[in-house]
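Subject: Handing over the structure

Dear colleague,

Please find below the structure that I promised to pass on to you. My notes on what was found in it follow directly after it.

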Amino acid sequence: MSKKRPGGGSLPSAPSTATGTSPDHEVPAATPAPDPKRWWALAVIALAQLMVILDGTVVNIALPSAQRALGMSDADRQWVITAYTLAFGGLLLLGGRIADLVGRKRTFVIGLAGFAAASALGGAATGPGMLFAARALQGAFAAVLAPSALSLLATTFTDPKERARAFGVYGALAGGGSAVGLIVGGLLTEYLNWRWSLYVNVPIALAALLGAPAFLRDRSGRRGGHLDMPGALLGCGGLVALVYGFSEAEPRGWSSPSVLTPLVAGVVLLAAFVWWQSRAASPLLPLRIVRDRVRAGSLATMGLATIGMFGVFLFLTYYLQVVLGYPPVRTGLAFVPISAGIVIGATQIAARLLPRTAPRTLMSSGMVLAAAGMVLLSSLTVHTQYVTHVLPALLLLGLGMGLTFMPVYATATAGVPAQDAGVASAVLNTVQQMGASLGTVLLNTIATSATGRYVHSHVRGPGHDGAALDEGMVHGFSVAYRCSAGVLLVAALVAGLAVRHRASTHTGEDAPA
């Protein structure tokens, strides 16, 4: 049974429960035959997703070398990261709607080509300004590419079992790509130079570009559709302001006008954006997408999970390199277990269970496992051994992330009309990006404050300064990890309470391009 929405049309009926199909659930009259090239399409989409995810941590590892080579100041080096996150996080909603209007296959190719060109420009940078501009261009093209890739996946795979397998691969890449980036970044920085952390994107993008025309299937675009420019200005402006405010909170402090002003402006702009979307004839973000309880619960779970998880790579990288003295390559290799755990959790456990298990069961279980891993990390000391403490924690975190991210991606994009698949995917990517930005600032602030208090109370003489600093750093990480565990348990609770039903596995189809 359908529910009427304001302005005409109907909302999808309630999805089936974990134990059976609702009698009110409307089954499409006819399901098109699956695309015979769909698994090759998955390979192309996976390459693009891997490139975008890798880019974050690869560049982070190379940043100290790039700073020395280009004569970048300590105050300016953050813009290598901030320029990318501002453009990416701020333009995602716009990129998703453009994909729906212009055609997802077309915007996917444009995003790939632009990202490769921007990466080449950044690798050839002769000064800080050129590198900052290239990173902003990377973020802008990633904002077009990421929602196009996820929506192509959602509309290509409609069979429940195949959809679970496809999203298992996607979830494994989304969760494990950051850890792989640390390995690749360490290898490239140590054995080549920092420029290859950007050049590496070019061959990956070219491989995906060669396969996209042959294997991707999509409609050519929406006839008669137009872009909601007031919504784009309000939504993108609000997101850019929030991301900028979060990024400035770490160096300037939460009470700084340079932080409070953009944060308040972002909240006001986003409130105006929501108001406008409820009245616009062709909204940038149809509010029916986020009003669905199951989808909203999945989005909230993703946001909380990203906030809680982001401290793993940030703090553990410092712990391994500064406290334990690991070189960059060994540091990257130390993260292999978390990547292995994500792949196993997403592709071998979640993908097999999702067709017959309620998504909330997988999400909540995954978050509880990840919280247990965080608790293990909170017991680290300056003398802790990798094998006895870090390794089991990373395995638990990897399994938890794989079990959570895979059903979140599948559930948040399920049952969305095909004409809205791009913007629905963009909402999920936006939540993930905002969670990463907020998580970085919050957890780093918590860790830094705890470290400062510890050092202040434990330093007794100059001979103990070095040891106290290391112990203070690890103490700060431990406090942040305990906070992360709490956030992940809240995510488990949200998933259990909000994602009450199995989401429909059917997503609307389009005519092929």
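This is a predicted model: local features need pLDDT of at least 70, side-chain atom pairs count only at pLDDT 80 or more; totals for chains, interfaces and linings use all residues.

I begin with L150, which lies in helix 4 (residues 128–156); helices here are DSSP runs of H or I with at least four residues, strands are DSSP runs of E with at least two, and both are numbered from the N terminus. L150 counts as buried because its relative accessibility is 0%, where buried means under 20% relative accessible area, exposed over 50%, and partly exposed in between, with a 1.4 Å probe and protein chains only. Leaving aside its neighbours within four places in sequence, L150 is in contact (heavy atoms within 4.5 Å) with F167, Y170, Y409, T413, S425, L428 and N429.

Residues are numbered from 1 along each chain as its sequence is written, and side-chain values use heavy atoms, with hydrogens and water left out.

As for the protein chain as a whole, it holds 18 helices and two strands, and buried residues make up 55% of its 513 residues. Among contacts between residues at least 6 apart in sequence, 84% join residues that are at least 24 apart. The chain exposes about 20,400 Å², of which carbon and sulfur atoms supply 66%; accessible areas come from the Shrake-Rupley method with a 1.4 Å probe, and for residues only the protein chains shown count as cover.

Helix 5 (residues 160–191) includes E162, which counts as buried because its relative accessibility is 17%. Apart from neighbours within four places in sequence, E162 is in contact with R38, W39 and F157. V180 is also placed in helix 5, but this residue counts as partly exposed, because its relative accessibility is 31%. With neighbours within four places again left aside, V180 is in contact with L54 and S339, and its C-alpha atom is separated by 8.3 Å from that of T57, which is 123 residues away along the chain.

Which residues touch G398, once those up to four places away in sequence are not counted? They are I338, G341 and I342. G398 itself is found in helix 16 (residues 386–412) and counts as buried because its relative accessibility is 0%. Between G398 and L369 there are 8.9 Å from C-alpha to C-alpha, with 29 residues separating them in sequence.

V290, in helix 10 (residues 288–291), counts as partly exposed because its relative accessibility is 29%. Beyond its neighbours within four places in sequence, V290 is in contact with A296, L299 and V427, and V427 is 137 residues from V290 in sequence but 8.6 Å from it in space, C-alpha to C-alpha.

Two surface patches remain to be described. Patches are made of residues with over 30% relative accessible area and no salt bridge, like charges being joined within 9 Å and nonpolar side chains (Val, Leu, Ile, Met, Phe, Trp, Tyr) within 5 Å. A salt bridge is a side-chain nitrogen of Lys or Arg within 4 Å of a carboxyl oxygen of Asp or Glu. In one patch, K161, R165, R352 and R356 bring positive charge together on the surface; Lys and Arg count as positive and Asp and Glu as negative, while His and the chain ends are not counted, and the place of a charge is taken as NZ of Lys, CZ of Arg, CG of Asp or CD of Glu. R356 sits in the loop between helix 14 (336–353) and helix 15 (359–377), and R356 is exposed because its relative accessible area is 60%. The other patch is nonpolar, covers about 440 Å² and is made by L187, Y191, L192 and W196, with L192 in the loop between helix 5 and helix 6 (196–199).
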